[in-house]
Amino acid sequence: MRDPFLQAAIDEAKKGLSEGGIPIGSVLVIDGKIVGRGHNQRVQRGSAILHAEMDCLEQAGRLAPADYKKATLYSTLSPCDMCSGTALLYGIPKIVIGENQTFQGPEDYVKSRGVEVSVLQDAECITLMQDFISAAPELWFEDIGKV
């Protein structure tokens, strides 16, 4: 049985793909409840920063520091430097990652800062990204800042 919060992140990733975007999704969980959800919207909104995790945190709205300290951030893909930095800034203590085979952010650094990082290597997350990267490599490289 798949973690229901990872499933919610996958649902967000599929929503992004259906909108013509990059299939990465994220949810923020506090006390067993989803308080924010998002998906990569760089394409859809012409944004420089709306990765899935950033959209998720934006959708969660302003939270108290104590709320972030008990949150878990779920992402279908290993968070990049920007998204990892935001999790560190707000003191989110746990990140659950669907997969890091197609892309790996600064997981070791995040761990060195005391964050619990769990990588699930979920087959559906891997397939979503592999298929997308094969279909739209230029868009993918733009998203991760590669030429």
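## M82 and its contacts

M82 touches I49, H51 and M54, leaving out residues up to four places away in sequence; contact means heavy atoms within 4.5 Å. The model is predicted: local features need pLDDT of at least 70 and side-chain atom pairs count only at pLDDT 80 or more, while totals for chains, interfaces and linings use all residues. Residues are numbered from 1 along each chain as its sequence is written, and side-chain values use heavy atoms, with hydrogens and water left out.

M82 is found in helix α5. Helices (H or I, at least four residues) and strands (E, at least two) are DSSP runs, numbered from the N terminus. M82 counts as partly exposed because its relative accessibility is 28%; buried means under 20% relative accessible area, exposed over 50%, and partly exposed in between, with a 1.4 Å probe and protein chains only. The C-alpha atom of M82 is 22 Å from that of Q121, 39 residues apart along the chain.

## Helix α3

Helix α3 is mostly covered, with seven of its nine residues buried. These are A52, E53, M54, D55, C56, L57 and A60. The buried residues of α3 pack against β1, β2 (33-39), α4 (65-68), β3 and α5. Just after α3, G61 takes a positive phi of about 80 degrees.

## Nonpolar cores

The largest nonpolar core has 16 residues, and L28, L73, I92, I95, V110 and V115 touch the most other members. The elements giving two or more residues to this core are β1 (25-30), α3 (52-60), β3 (71-75), α5 (81-89) and β4 (94-97). Helix α3 gives the most to this core, with three residues. A nonpolar core is a set of buried Ala, Val, Leu, Ile, Met, Phe, Trp, Tyr and Cys residues joined through side-chain atoms within 4.5 Å.

I95 is in contact with L73, P79, A87, V110, V115, E116, V117 and S118, leaving aside its neighbours within four places in sequence. A second, separate core of 13 residues includes I22, C83, I133 and W140.

## Overall fold and dimensions

The protein has eight helices and five strands, in the sequence order α-β-β-α-α-α-β-α-β-α-β-α-α. The C-alpha atoms fill a box of roughly 40 × 35 × 25 Å along the principal axes.

Of the contacts with a separation of 6 or more, 52% are between residues 24 or more positions apart. Buried residues make up 51% of the 147 residues.

## Surface and charge

The accessible surface comes to about 7200 Å², and 51% of it belongs to carbon and sulfur atoms. Areas come from the Shrake-Rupley method with a 1.4 Å probe; for residues, only the protein chains shown count as cover. There are 14 positive and 20 negative side chains, and the centres of the two sets lie 6 Å apart. Lys and Arg count as positive and Asp and Glu as negative, with His and the chain ends not counted. Each charge is placed at NZ of Lys, CZ of Arg, CG of Asp or CD of Glu.

## E142 in helix α8

E142 is found in helix α8 (residues 137-143). With a relative accessible area of 47%, E142 is partly exposed. E142 and R42 are 100 residues apart in sequence, and their C-alpha atoms are 9.9 Å apart in space.
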